[in-house]
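Colleague: I have a model open and would like to go through it with you. Can we start with the overall picture and then go to details?

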Amino acid sequence: MLVGAALLFPVRNTAAGEVRGSVTLRVEGVRLADVGPIVVFLEGADGPIPAAAPALTPSVRQKNATFSPGFLVVAAGQTVNMPNDDVIFHNVFSYSKPNRFDLGLYPKGSSRSVTLRHPGAVRIYCSIHESMNAIIFVSPTRWFDVVRPTGDFALTGVPAGRYRIRTWSEKLPETSRTVEVPETGSVPVDLSIGPAAGGTGGARAGEERRG
């Protein structure tokens, strides 16, 4: 699935390893659950990694005038379905560049989709219902995980090579480091995240606020 990846960074063979570890917060009295989702993901240490997007097509449903789930992670190039389960019309759109889109109005029982090709946070809304909002985080690669309440994460099926492991959180700054993934077996990585300057998120490149 990593067509051409060997041309961009050292990959010894097609064997796959994994990265496992935990995330801790350097914020006294604050729990992981208090800061919302934290995503851990890999990118090429020496440049982008061309790779086919996962075949899975996840959905963000519209039900009871809410988006479900309210947070989703996909890989760059992956398509997301947006089915309308309500008896009313909805219009799903995003201002987040360069993934900006507008699916237009559509009724109950209909579904439209969008392919998100660029890494970063994508905020989605409904033009009819101001209270409807959600976030889709687009990882640059298929190797990502949402940190568990215990702080643990696991990135599996990773071809051997050099990567940059990074975090994303809406409320915290990112942290990153370079890792060497083995041909087989697991490499342990523990990540520590400090407080955000001014309380802003750590990975909002290309994002545009509503309005």
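This is a predicted model: local features need pLDDT of at least 70, side-chain atom pairs count only at pLDDT 80 or more; totals for chains, interfaces and linings use all residues.

Colleague: How many helices and strands does the chain have?

Modeller: There are 16 strands and zero helices.

Colleague: And what share of the residues is buried?

Modeller: Of the 211 residues in the chain, 44% are buried. The chain exposes about 10200 Å², with 53% of that supplied by carbon and sulfur atoms.

Colleague: Which residues have the most contacts inside the largest nonpolar core?

Modeller: Those are Val19, Leu42 and Ile165, in a core of 23 residues. Strands S1 (16-25), S2 (38-44), S13 (152-159), S14 (161-169), S15 (176-181) and S16 (186-193) each give two or more residues to this core. The largest share, four residues, comes from S16.

Colleague: Take Leu42. What is it in contact with, leaving aside its neighbours in sequence?

Modeller: Leaving out residues within four places in sequence, Leu42 has contacts that include Val19, Trp143, Leu155, Val158, Ile165 and Val179. Pro140, Thr141, Tyr163 and Arg164 are also in contact with Leu42. There is another core apart from the largest one, with 19 residues, among them Val60, Phe67, Val92 and Phe101.

Colleague: Which nonpolar residues form a patch on the surface?

Modeller: Phe89, Leu105 and Ile128 do, with about 290 Å² of accessible area together. Leu105 belongs to strand S8, residues 101-106.

Colleague: How does S8 pair with S7?

Modeller: Strand S7 (residues 90-94) and S8 are antiparallel, paired over four bridges. His90 stands opposite Tyr106 in S8. The two strands are joined by a hairpin through six residues.

Colleague: Which residues other than glycine have a positive phi?

Modeller: Asn64 has a phi near 55 degrees, and phi of Ala65 is near 55 degrees as well. Both Asn64 and Ala65 are in the loop between S3 and S4. For background, most residues other than glycine have a negative phi, and most peptide bonds are trans.

Colleague: Buried or exposed, those two?

Modeller: Asn64 counts as exposed because its relative accessibility is 62%. Ala65 is partly exposed, at 22% relative accessible area.

Colleague: Last one, Ala76. Where is it, and what does it touch?

Modeller: Ala76 is in the loop between strand S5 (71-75) and strand S6 (78-83). Not counting residues up to four places away, Ala76 touches Ala53, Leu116, Arg117, Val138, Ser139 and Pro140. Between Ala76 and Pro119 the C-alpha to C-alpha distance is 5.9 Å, although they are 43 residues apart in sequence.

Note on methods:
Residues are numbered from 1 along each chain as its sequence is written. Side-chain values use heavy atoms; hydrogens and water are left out. Buried means under 20% relative accessible area, exposed over 50%, partly exposed in between (1.4 Å probe, protein chains only). Accessible areas come from the Shrake-Rupley method with a 1.4 Å probe; for residues, only the protein chains shown count as cover. A nonpolar core is a set of buried Ala, Val, Leu, Ile, Met, Phe, Trp, Tyr and Cys residues joined through side-chain atoms within 4.5 Å. Contact means heavy atoms within 4.5 Å. Patches are made of residues with over 30% relative accessible area and no salt bridge: like charges are joined within 9 Å, nonpolar side chains (Val, Leu, Ile, Met, Phe, Trp, Tyr) within 5 Å. A salt bridge is a side-chain nitrogen of Lys or Arg within 4 Å of a carboxyl oxygen of Asp or Glu. Two strands pair if DSSP finds at least two bridges between them.
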